Amino acid sequence: MNISFVILLFGLVAASAEILGGSVVLMRREWPQKAQEYLLALGAGFILALVLLDLIPESIASIGATAPLLILLGFSMLHFAEHTVVGHLHFGEEVHSDVMVSKVASYSAFWGLFIHAFFDGVSISAGMQYNFPLGLMMFFAILLHKFPEGLTIASIMLAADQPRRNAFWATAGTGAGTMLGIVTMFFLKSVDVQIVGYAFAFSAGAGMYVGASDLIPEINRSQNRIAPIVVFAGMILFYISSLVVVKVVGK
Ligand SMILES: [Zn+2]
Ligand SMILES: [Zn+2]
């Protein structure tokens, strides 16, 4: 099977998990707070282990001294998109309707998450083009937080008193952002194949931001003291999954 087609399919799975998360909010299904926190905690441990054990060493081995700068750039790009131009954005269900009173606040939060989702797509696509088994691990790392991500954007729209239709489109739009990131990497690769290595290093920094700044703070804020322990379970899950991936797909 054509590799681009395979990458597109994985992108669609990630985007669907996002839309599923949003749909749960829209259907007003009771989604237990604890389950959301455990999912965020698993995602945090998984992506941080992936970044520190595989992505950073691999980036340095691949593009050398330029890698740390691109890692910092990836980290900074997400920080800029989510927390400088956007007033209020955090992962998990939005419960602060007091700060989401203005529609402008919800639109800016949407664009912050859209850019985040775009780089989720870039990471999956660059990872799979660079080294398929590593890209597959990247896909799992991102998939773990895609459902809570959909839940986040849909609940932000509802907290801002937006019609449910807008909440749906915002969720679908974030999913589309992931797909745009996937396709953008196909285009960039056709321009210059070296860009894949740079994007891979950039993804390491972006992944570090997602784990350390999007996910970990949500767990630390929680009253549930089991969630922080689940972060370690995420790291162990990473270890086991990478053994399975190496066995099934090869290195
Ligand atoms: Zn909030
Ligand atoms: Zn994400």
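Mentor: Helices (H or I, at least four residues) and strands (E, at least two) are DSSP runs, numbered from the N terminus. In this predicted model, local features need pLDDT of at least 70, side-chain atom pairs count only at pLDDT 80 or more, and totals for chains, interfaces and linings use all residues. Residues are numbered from 1 along each chain as its sequence is written, chains are lettered from A and ligands numbered from 1 in the order in which they are written, and side-chain values use heavy atoms, with hydrogens and water left out.

Trainee: Where does His 88 lie?

Mentor: His 88 is in the loop between helix H3 (67–83) and H4.

Trainee: Why does His 88 count as partly exposed?

Mentor: Buried means under 20% relative accessible area, exposed over 50%, and partly exposed in between (1.4 Å probe, protein chains only). The relative accessibility of His 88 is 22%, so this residue counts as partly exposed.

Trainee: What makes the pair His 88 and Glu 94 a polar contact?

Mentor: A polar contact is a pair of N or O atoms within 3.5 Å; within protein, one must be able to donate a hydrogen and the other to accept it, and residues adjacent in sequence count only if both atoms are side-chain atoms. The side chains of His 88 and Glu 94 are joined at 3.3 Å, and a polar contact of 3.4 Å links the side chains of His 88 and His 96.

Trainee: Why is the arrangement around the zinc ion (ligand 2) called tetrahedral?

Mentor: Four donors count as tetrahedral if all angles lie between 85 and 135 degrees. The four donor atoms subtend angles of 93 to 120 degrees, and therefore the arrangement is tetrahedral.

Definitions and conventions:
Donors = N, O, S within 2.8 Å, 3.2 Å for Na, K, Ca; no water. Tetrahedral: all angles 85-135°; square planar, octahedral: opposite > 155°, others 65-115°.
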